[in-house]
Amino acid sequence: MAAERGEFSSRFGFLMAASGSAVGLGNIWGFPTNTASNGGAAFLFAYLILAFALGYPALMAELIIGRHTRSNAVAALKSISSGKKSQFLALAIGFVGIVTVSLILSFYAIVSGWMMAFFLDPISRLLGLTSLSAWLTTDTEIRNAVFVIIFMVLTVLIITAGVKDGIEKWASRLMPALVGILLLLILYVFTLPGAMDGLRAYLVPDFSRVTDPQLLVNAMGQAFFSLSLGVGTMLVYGSYISKDENLPVVGVLVALLDVGIAVLAGLLILPAMYVALESGVQIYDDAGGLIAGPGLIVSVLPALFSNMGPIGLLVAVAFFALMTIASLTSSISMLEVPVAYSVENRGIPRPKAAMVVGAIITSISLVIVFNFDPLFDMVVSFTTERSQPLLSLFICIFAAWIWRRNEILEEIRQGSSKAEQGMFWKIWPFYVKFICPVAILAVYFQ
Ligand code: TRP
C-alpha cells in the first residue's frame, strides 16, 4: 500500500485530464448522431437538463469520495463504509467497476484503432502509397488487431509515466489541440453548400419528442457515458486533486467542458453529413434514418473528404487526428482505474501494472476483433447500458446513505470554506440521496 500517490499540479492540469476523460468518441460521434436521430434540439434540450441534473451530482459524488479517501475506487468505497455488509458491497462495486471499465476500454480501443487507421490513410495517399491506403481503409481483422495493439501501447506508455508526467502532461497538450482542430473544422464546413441544412436538422427542435421515454433513456445513457461515470474513473481522478481546490466549482467546469464540446461537435458532424448529401453521398440508411453507426465515421465522412479534392486530404487528417486525440485522453482515464488499484492495493510497481493490465485488456480486445459479430455489440450494451448506470446508482447510494454527512461537508469545506452556505450544499445532498437513485432506476427499467 505504500506506493507514493501522484497529484495534479494545477487546476488547469486537472481540468484538461478530467475533460479529456469526459470528451471522447461519445461526444464527437455519439452525441451528434444521437441528437440527429432523436428529434434534433429536443434531444439536446433533454441532454442538457439530464447532464446537469443527474450527471453533475453523480460526478460530484465521485470527485468528493475520491479526494477525501485519496485512493482508488475499491479502497475508497471500502474506507467510507463502516459496517461489514457495506464494506462487502464496497468491494463488490469496486471490482465490478474495474471489470466494467476494462471491458469498455476493450471495445473503445477497437474503435479508436479505426480512427488511427483513417488518420494514417490520407497521409499514405499523399505519399502515393495506394496499396497501404487500401489496407488502412479496408475493414479486416488483421488491420483492426494491429491498430488495437498500437493504440493500447500508446495508452500504456502514458499511464506508465504517472499522473503528472503522463496523464496531466498529455491531456494538457492534447485537449487544447482538440478544441483548436474542432473549431477550424467547424468554420471550414460552414462555408460548404448544404451545411445550413445540417444545422437545421441539429438545432430545430421537435418538441413532441421531449417526453418520449426512449429519448430520455438515450439522453441519460449518453450523459453517463460521456461524463465517464460509475466505474471509478472520475473517483480516481478526484483522488489526485489538490486539497485547496474548490470541488463544486471544478466539477461544474468539467461538466461544462464536456457538454460544450459535445454541442460543438454537433456543429461539425451534422453540417458535414448534409454537405456530404449535397455532394452525392448516401447519408440515410435503409430505414430512412440518418446513418449513425460505424458507417458514419468510416464511410460517410471519408466519402465526403474524398469529394473535396486535395484539401480533403488535409481535412481528413485533421478530423481523424481529432478523433484519435479524443480517444486517447479517454482511454488513459479508463486504464488508470485498474492500474491505480494494482499499484495501491497489490503493491505492483506502476510500469509493471500498466503493462500487465494493458496486456490483459489488449487480449480481450483481440478476442472481440476476431469474433466481432457476436461479441462487439454485446460488450457495448452490457457495459454501457446495464453495468454503468447501476454502478452510478450504487456510488450515489454510498455517498448519500452510507458515508457520514459531516465528513462530506468537511471534505467540501477544504478549498471552499463557506461551503455550508453555498447553493451546492443546499441542493446536492438531497439530489444524490433521492432524485439520482430514483431517476436512474426509472430510466433503467424503461
Ligand atoms: N467519456 C468518454 C467518451 O465520451 C469515454 C470514457 C472515458 C468512459 N472513461 C470512461 C466511459 C469511463 C465510461 C466509463 O467517449
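Author: A backbone N or O atom of Phe-225 lies 2.9 Å from a nitrogen atom of the ligand. A polar contact here is a pair of N or O atoms within 3.5 Å. Please note that this is a predicted model, in which local features need pLDDT of at least 70, side-chain atom pairs count only at pLDDT 80 or more, and totals for chains, interfaces and linings use all residues. Residues are numbered from 1 along each chain as its sequence is written, and side-chain values use heavy atoms, with hydrogens and water left out.

Reader: Which other residues have a polar backbone atom at 3.0 Å from a nitrogen atom or 3.2 Å from an oxygen atom of the ligand?

Author: Ser-226 has a polar backbone atom 3.0 Å from a nitrogen atom of the ligand. For Leu-25, a polar backbone atom is 3.2 Å from an oxygen atom of the ligand. The ligand on its own has 360 Å² of accessible area, of which the protein covers 100%; such areas come from the Shrake-Rupley method with a 1.4 Å probe.

Reader: How many residues surround the ligand, and how do they divide by class?

Author: A residue is counted if one of its heavy atoms lies within 4 Å of the molecule. The ligand is surrounded by 17 residues, the closest being Ala-22, Gly-26, Tyr-108, Phe-225 and Ser-226. By class, the shell holds seven nonpolar, 10 polar and no charged residues. In this scheme Ala, Val, Leu, Ile, Met, Phe, Trp, Tyr, Cys and Pro are nonpolar, Asp, Glu, Lys and Arg are charged, and the others, Gly among them, are polar. At least two shell residues come from each of α1 (11–22), α2, α5, α10 and α14 (310–346); helices are DSSP runs (H or I, at least four residues), numbered from the N terminus.

Reader: What space does the ligand take?

Author: On a 1 Å grid over the protein atoms alone, a cavity is a set of points where a 1.4 Å probe fits but cannot get out, whereas a pocket is an open set with protein on both sides within 12 Å along at least five of seven lines; lining residues have an atom within 4 Å of a point. The ligand takes the space of the largest cavity, on the criterion that more than half of its atoms lie within 2 Å of the grid points. That cavity has a volume of about 150 Å³, a volume being the space filled by probe spheres set on the points. Of its 18 lining residues, those closest to the centre are Ser-21, Ile-104, Phe-225, Ser-228 and Met-334.

Reader: What volume has the second largest cavity, and which classes make up its lining?

Author: Its volume is about 40 Å³. The lining has eight nonpolar, no polar and no charged residues; among them are Leu-185, Phe-305 and Phe-319.

Reader: What is the volume of the largest pocket, and which element gives the largest share of its lining?

Author: The largest pocket has a volume of about 1,100 Å³. Of its 34 lining residues, Asn-34, Gln-222, Val-380, Thr-384 and Glu-385 are the closest to the centre. The largest share of the lining, nine residues, is supplied by α16. By class, this lining has 17 nonpolar, 14 polar and three charged residues.

Definitions and conventions: Polar contact = N/O pair within 3.5 Å; in protein donor to acceptor, adjacent residues only side chain to side chain.
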